[in-house]
Amino acid sequence: MFEKFFSQASSKWMEGTGEEADIVISSRVRLARNISAIPFPHLLQTTEAKKVVAMIYEALQSLQSNEQVKDLTPVYLQDLQPIERSILVDKHLISPQHAEEAGGRGLLISQDEDISILINEEDHLRIQCLYSGLELEKVWNEASQVDDLFESVLDFAFDEKLGYLTACPTNVGTGLRASVMMHLPALVMTNQATRVLASLSQLGMTVRGLYGEGTEATGNLFQISNQVTLGRSEEEIISSLLVVAKQLIDQERMARHVLLKETKNQLEDQVCRAYGALTHARVMSSQESMSLLSKVRLGIDVGIIKTASLQTMNEMLVLTRPAFLQKMKGKELSPFERDVQRATMIREKLLDKIEK
Ligand SMILES: Nc1ncnc2c1ncn2[C@@H]1O[C@H](COP(=O)(O)OP(=O)(O)OP(=O)(O)O)[C@@H](O)[C@H]1O
């Protein structure tokens, strides 16, 4: 039933639609929630953790008359192959941590993959909504409605003074982390990214890599999220991230303008060389592909490349990952075989020869 989650690289959030989609790839909101009187997941034995999963699946059943959660599919992580769990990570539907230990962990996932609820990750529930483009208010509204539904049938741990109680004190209060994944190549090329991103911590923001906490920024993709969850309302958190995202968009646009004005030939050369390599190379490492894809994406944004779409570039973030390459081939591949498969896949995708 859930085979499609692993056989298709695309999710709705990769459509390349929504506000400012040329710079903001996606907007995410996640809410950390716990069921009162049950220890946090890291204190649970697997059998107890499984009871929490069952309790949440039952809660979902009692909510079946609601449009919003009707199509959520329950998945036991232990029923999945490691490669399938990796694909869910690559599609940003679960965190790398959630994929690591499968026992006693669950997932609820919507058909178009814009809602995923992680069960027994760091907290009993991590309600995540993911949209294409800069759509923080919409994504917050959706997450909040899903949260209200589950709260109507589950008793969430809540303290009058502190707010929602969470396994890690940094999430207490709203339990809300809102984030935007941004593509900032011009800020990197003009050597401004380090300074600009470092200054965000003074504004209460955290900068993370492509796969969240503890991961590196590759392909000029950065995840920016709120640091503090306590003492501020959800609306304040969302609106301050929105302000920061808009400032970054302005700065990135300015840097692109400067590059086009002052070094147009060099920019065109870099973009077209990247496109040439991607459409002709026969062996391609993951790191090289991320860097070349970033240049081509920039080329699409500024009108140098007209033959590829943002959606294709977004999907390529998943298609080029080791798990997906192996899934497509139907067998385990050595690192070198993966590099060959990656080069083939990119070539075919960019030249649009992939069978639909
Ligand atoms: N804007 C975004 N677009 C796509 N994926 C995102 C976005 N923000 C976060 N993610 C994904 O969500 C997962 C978790 O991210 P991250 O570790 O930053 O947050 P978290 O686990 O919710 O927070 P915490 O570290 O406080 O527990 C990662 O796989 C990450 O890639």
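In what order do the eight strands of the open sheet stand? The order is β2-β3-β4-β5-β1-β8-β10-β9, and the pairing is antiparallel. Strands here are DSSP runs of E of at least two residues, and helices are runs of H or I of at least four, both numbered from the N terminus. Two strands pair if DSSP finds at least two bridges between them. The model is predicted: local features need pLDDT of at least 70 and side-chain atom pairs pLDDT 80 or more, while totals for chains, interfaces and linings use all residues. Residues are numbered from 1 along each chain as its sequence is written.

β2 (73–76) and β9 (205–208) form the edges of the sheet. Each has a single partner strand, so one side of each lacks a neighbour in the sheet. Neighbouring strands are turned by 20° against each other on average, direction ignored; the angles, on a scale from 0 to 180 degrees, are between N-to-C directions of axes fitted to C-alpha atoms. β8 and β10 run antiparallel and are joined by five bridges. Met182 stands opposite Phe222 in β10.

The ligand is surrounded by 19 residues, counted if the C-beta atom, placed from the backbone, lies within 6 Å. The closest are Ser26, His92, Ser179, Gly212 and Glu213. β1 (24–33), β8 (176–183) and β10 (221–226) each supply at least two residues of this shell. By class, the shell has four nonpolar, nine polar and six charged residues. Ala, Val, Leu, Ile, Met, Phe, Trp, Tyr, Cys and Pro count as nonpolar, Asp, Glu, Lys and Arg as charged, and the others, Gly among them, as polar.
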